[in-house]
Amino acid sequence: MIFYKKRDELVRQVGHVSRFDAESDKREAMYGLPKNVAFCTRCVISNQRPNSTVEFEHTRNSNKTTIFLDYDGTLTPIVSRPEEAILDVSTREVIARLSEQCPVTIVTGRDISVVREFVRLDQVGYAGCHGLDILGPVGSGLRYEVAVEWLPLLEAAESSLRRRLDGIEGVIVERKRYSLSAHYRLADPRDTIHVEKAVSAVLMRYPKLRREGGKMLFELRPDINWHKGSAVAWMLEATSNSASGAIYIGDDETDENAFKLLSRTGIGIVVGCEDRQTDARYRVQDPPQVIQLLEGILSYLTESRSPD
């Protein structure tokens, strides 16, 4: 699945890399990136040509590489209950080793406290609640909370939503620090409309919140101009890293803001086989392929830093 070649070798062995040749020439002109050496990772499907193979190219300068990862549906499969999304031990090991080579940040809709308990790595950064709550690696001193003043409002909205959804079997109300979710994956499909009406009623009562979609859930969060893309931009600036070296991997609609941020300079990779509109340039099918991709990036970064 994964291989690494210098550019001239890559051109000889892979017949359909002209797109990446042009892209690299453009990047070299715009950002001064080297074009003679790159790494190439084979992904299973691309946005433009489902079921085909594409090559994924990035700069050899590993000092500029920064990796951002969604959690649910990216590092772990989507599960019926949020508490069941346990990170595999081998995946944790790959992320730990990767964080020794470049900055790694988990960007998730979950609370930081919850995802940190799942990941259990102090050397990576965390952006929770869709970027509203940011915590850098232990010892970095990075900390940013965007919407502290919305906490009392969210408390009131939570109480109202729980009352309205009480009695609808299978619905799970999940309170995060800066958002409120109603999961209906386990509910009777006929009850989805009632869940949506309850969420809409709460939104009308608390108009300073806004509704967002997700996979089998409705979510309320502060109505401010801040999202996962904003968190990625903040982390890049705070750590003096460039978007041109950033790689973002995610599966959810909420990851699209990050894909859009990186669409001209960095690399966005959407996870999933469904055909949807996305600003990500590449696609992999599922979390196992994400891990294969990360293993390939790890091998490359380790190799590129080894003495010749």
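A residue is called buried when its relative accessible area is under 20%, exposed when that area is over 50%, and partly exposed in between, using a 1.4 Å probe and protein chains only. By that rule, buried residues make up 54% of the 308 residues in the chain you have open. This is a predicted model, in which local features need pLDDT of at least 70 and side-chain atom pairs count only at pLDDT 80 or more, while totals for chains, interfaces and linings use all residues. Residues are numbered from 1 along each chain as its sequence is written, and side-chain values use heavy atoms, with hydrogens and water left out.

Next, select Asp72, Ile78, His183, Lys215 and Leu217, which lie nearest the centre of the largest cavity among the 25 residues that line it. Strand E10 (172-176), strand E12 (209-214) and strand E13 (217-222) are the elements that each give two or more residues to this lining. On a 1 Å grid over the protein atoms alone, a cavity is a set of points where a 1.4 Å probe fits but cannot get out, and lining residues have an atom within 4 Å of a point.

Finally, select Ser230, in helix H7 (residues 228-238), which counts as buried because its relative accessibility is 13%.

How values were computed. On a 1 Å grid over the protein atoms alone, a cavity is a set of points where a 1.4 Å probe fits but cannot get out, and a pocket is an open set with protein on both sides within 12 Å along at least five of seven lines; lining residues have an atom within 4 Å of a point. Helices (H or I, at least four residues) and strands (E, at least two) are DSSP runs, numbered from the N terminus.
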